Amino acid sequence: MSFGGFTSKTSSGFLRPSSSGGGKTAAEGLSSFNPISAAAAGGGGGDMSQPLQMLHSSSHSRPFSLARPKMENIREMGLIGETYELESRSGSDNIEAGSGDDHNTSETKSSKRKKYHRHTTFQIQELESSFKDNPHPDEKARLELGKRLALEGKQVKFWFQNRRTQMKTQLERHENSILKQENEKLRIENITMKEAMRNPTCETCGSQAILGEVPIEHHHLMIENARLKEELSRLGILASKFLTRSNNGSTLELAVGRNEFSGFNSMDNPSTMIPSLGLDFFGDRVSNSFPVMPPQMSVDAPFDKSVFLELALAATDELIKLAQVDSPLWVRNLDGNRESLNLEEYAKTFPPCIGVKPAHFVTEATRASENVMINSTELIETLMDVNQWTEMFPWNIGRASIVDVISPGMSGSRNGALQLMQAEFQILSPLVAPRQVKFVRFCKQHKEDTWAVVDVSVDTLFQLPVNCRRLPSGCIVQDMPNGCSKVTWVEHTEYDESNIHQLYQPILRSGTAFGAQKWVADLRKQCELFSVMMSSASDNSGLPPSSKKSMVKLAQRMTRNFCSVICSTVHKWEVVQSSENMRIMVRKSMGNSGEPSGIILSATTTVWMPVSPHHLLEFLQNVNNRAHWDGLSRDGPMQPMLHIPKSQDFGNTISLLRSTTMPAGNGMLILQETCSDESGSMIVHAGVEAAYMNAVVGGGDPSGVAILPSGFAIAPDCFPDSGEAHEGRLGGGGGGQSLLTVVFQMLVSNTPAAQLTIESVETVKSLIARTLQGIKNGLQ
């Protein structure tokens, strides 16, 4: 029987309607027709006079292989859920070899009906699952799969061939679509450039100018102007994308100052919705007026993202003006090292961008500049990547995360990037709770070599209770010829002072804890540290770069862990005891490769010390004085083994110590990191087994080394030098004193399911008491 009375094959290999009146109509033949037949036209070899045959499916007969031309285009194969078994009589075209009986039977019959098999839903699901694990199974795997699904090996083989072809076709179509979009985009930009070059205009009178009369510099400016116009048009697409309300589908018009772009049509392609915000914030196109803030939004309700864009543009305008060198808004402090904001002039110049300051809030606003050893591209990427940002400033940031990426940037760069973030800003003392702030961060390329990164709070938009508001703050980064960058940092916050301990209120007001000087000093230290890590020059450590890099990584992880113990919510601590001057907490550690497993107990306290921060740091850093406060040093003095300087400043080092009573290569070593700048100092130390430390010094991976750090944080006492004791102070008065925070961590049990005992709590309390008393005795 011919193929349903529908097709037969001519001598040239092409299919034509069959002249025999077979048992199927043309419609029936279409319903079971495999698209693979259409590809048979390109076949070669084999008897071209033989008709295409199909065997009627039967559960009692073996599969019958039929002659067909060789397939040239496998992309035209049938659906994945179906199996078609075809075979050419020519040995060169044979895809599946049939049995001898089958071959003889095919020669005696003029035509046979083709076998048609549709897989069950279960079979398709199992095949798809196997395809995800291994798209190229070998013969053994195919036989096992066929046996499990009641399919023959060749059916499994054909299914996998068809599936791979289908995926390849889909991928090529997707790539072609992307290339067409990119090609269209480049074509439009090319037309825009040519049009700008063809029709130049005079900047003075606005009439058409002759190209020969236009200087080459002006000609380049006209080309740049055409590019900026194109970017402005793409900004309209961004605005249209963001201004669609989720609740009723209505669209708001976006107008920032006098920028005449609003009410643009929507666009379905999100890949081109990120513009370069090419706005001149000092020109006439943008006014000083800030956008009117909309009604407050619920945290869980859909929100209009255009509000964030308006707020970010206005905040960038303010930050750039505040960063101007000759701005009259700043007043230099008496010490000459810091600049504070003139609040009266600021109120006259800028209207409130996030609402009026609450009556019980106080203002902290500072500015500082520094040249740092990093180029603008790397620094911008560090500030926009939340993980790199927290690693760059481990002393200031407890934890941070990105809530939503509103705009990732333009053309693979960070220009125009806008993201909603939340962070905890911390002081290394249990007396000050961390500042929890939700804000938007916006990155803008202001000039060819100048970038702006600005933060501004959005807590009030979400009706969140806040104890701190971040007004337009951030930095202006300018590339320098020597590969460094000049960073101008502005910090402007308003916070509730009523819940801050009296000892730390002057520190916060002065900007010592969270001010711009603190941020640029930390940035400079980290950049110098990275330079030391990558430098191949010899230093006091005598270590190669790979060994120094491993040591620095371990020390930085130790310091981050230490900072998180004091006040951050990174770990789930349970408070055991809390008083005015001491806090004891406990937590369970399970499955963390960087710390021991079990019950971890921590104790933290802050006390006033009648010595200057510099003198206190020298005392704690001196290994000869370590026996006064370190129990491990009482059996014998500590001997320095390694010393890695992190910068040119005193007190910024990484050291490795061992007890003189301990045999070389055995026992416990002490890893210690010291950090110091104008805002304070920190000494962090942890015991590390000698075997693990030797591997790290040899350049090994330090991520699996378990450490449990303890240490000290030193802050200057910023009370005025009155010579009298102040209320809330733990000791006498006068300037040049210090606030010392002591942190201890100890593993009280190796079993996470163990219970904390009162003896462990009393042990850690007595350990802190002995340490403080030993420091006081040593200072005397």
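Contact here means heavy atoms within 4.5 Å, and the views below are close-ups of a predicted model.

**View 1. Packing of helix α3 against helix α4.** Helix α3, which spans residues 121–133, packs with helix α4, residues 139–149, at an angle of about 155°, and the two axes are 11 Å apart. Because angles over 145 degrees count as roughly antiparallel, α3 and α4 are therefore described as roughly antiparallel to each other. The crossing of α3 and α4 is right-handed. On the α3 side the contact is made by Phe-122, Gln-123, Glu-126, Leu-127 and Ser-130, which meet Leu-145, Arg-148 and Leu-149 of α4. Sorted by class, the residues in this contact of α3 with α4 comprise four nonpolar, two polar and two charged.

**View 2. Packing of helix α13 against helix α15.** Here helix α13 (residues 545–566) and helix α15 (residues 690–697) pack with their axes 7 Å apart and at an angle of about 130°. The helices α13 and α15 are therefore oblique to each other. From α13, the residues Ser-547, Ser-550, Met-551 and Leu-554 meet Met-693, Val-696 and Val-697 from α15. Five residues of the contact of α13 with α15 are nonpolar and two are polar, while no charged residue takes part.

**View 3. The largest nonpolar core and the surroundings of Leu-383.** The largest nonpolar core holds 46 residues, and the members that touch the most other members are Leu-383, Trp-389, Phe-393, Phe-425, Trp-489, Tyr-504 and Leu-523. Helix α12, residues 516–534, gives the most to this core, contributing five residues. When neighbours within four places in sequence are left aside, Leu-383 is in contact with Trp-389, Phe-393, Arg-441, Val-453, Cys-475 and Trp-489. Another core, of 39 residues, lies apart from the largest one, and its residues include Ala-555, Leu-656, Leu-669 and Val-696.

**View 4. Glu-497 in the loop between β14 and α11.** The loop that holds Glu-497 runs between strand β14 (485–496) and helix α11 (505–510). Glu-497 has a relative accessible area of 10%, and since buried means under 20% relative accessible area, Glu-497 is therefore classed as buried. With its neighbours within four places in sequence left aside, Glu-497 is in contact with His-360, Val-362, Gln-505 and Arg-509.

Terms used: Residues numbered from 1 in each chain as written. Predicted model: local features only at pLDDT ≥ 70, side-chain atom pairs only at ≥ 80, totals over all residues. Heavy atoms only, no water. Axes fitted to C-alpha atoms, helices over the stretch in contact; angles between N-to-C directions. Helix = DSSP H or I, 4+ residues; strand = E, 2+ residues; numbered from the N terminus. Parallel < 35°, antiparallel > 145°, perpendicular 65-115°, else oblique. Left-handed = near helix turned anticlockwise from the far one by under 90°. Nonpolar A, V, L, I, M, F, W, Y, C, P; charged D, E, K, R; others polar. Core = buried A, V, L, I, M, F, W, Y, C linked by side-chain atoms within 4.5 Å. Buried < 20%, exposed > 50% of the residue type's maximum accessible area, 1.4 Å probe, protein only.
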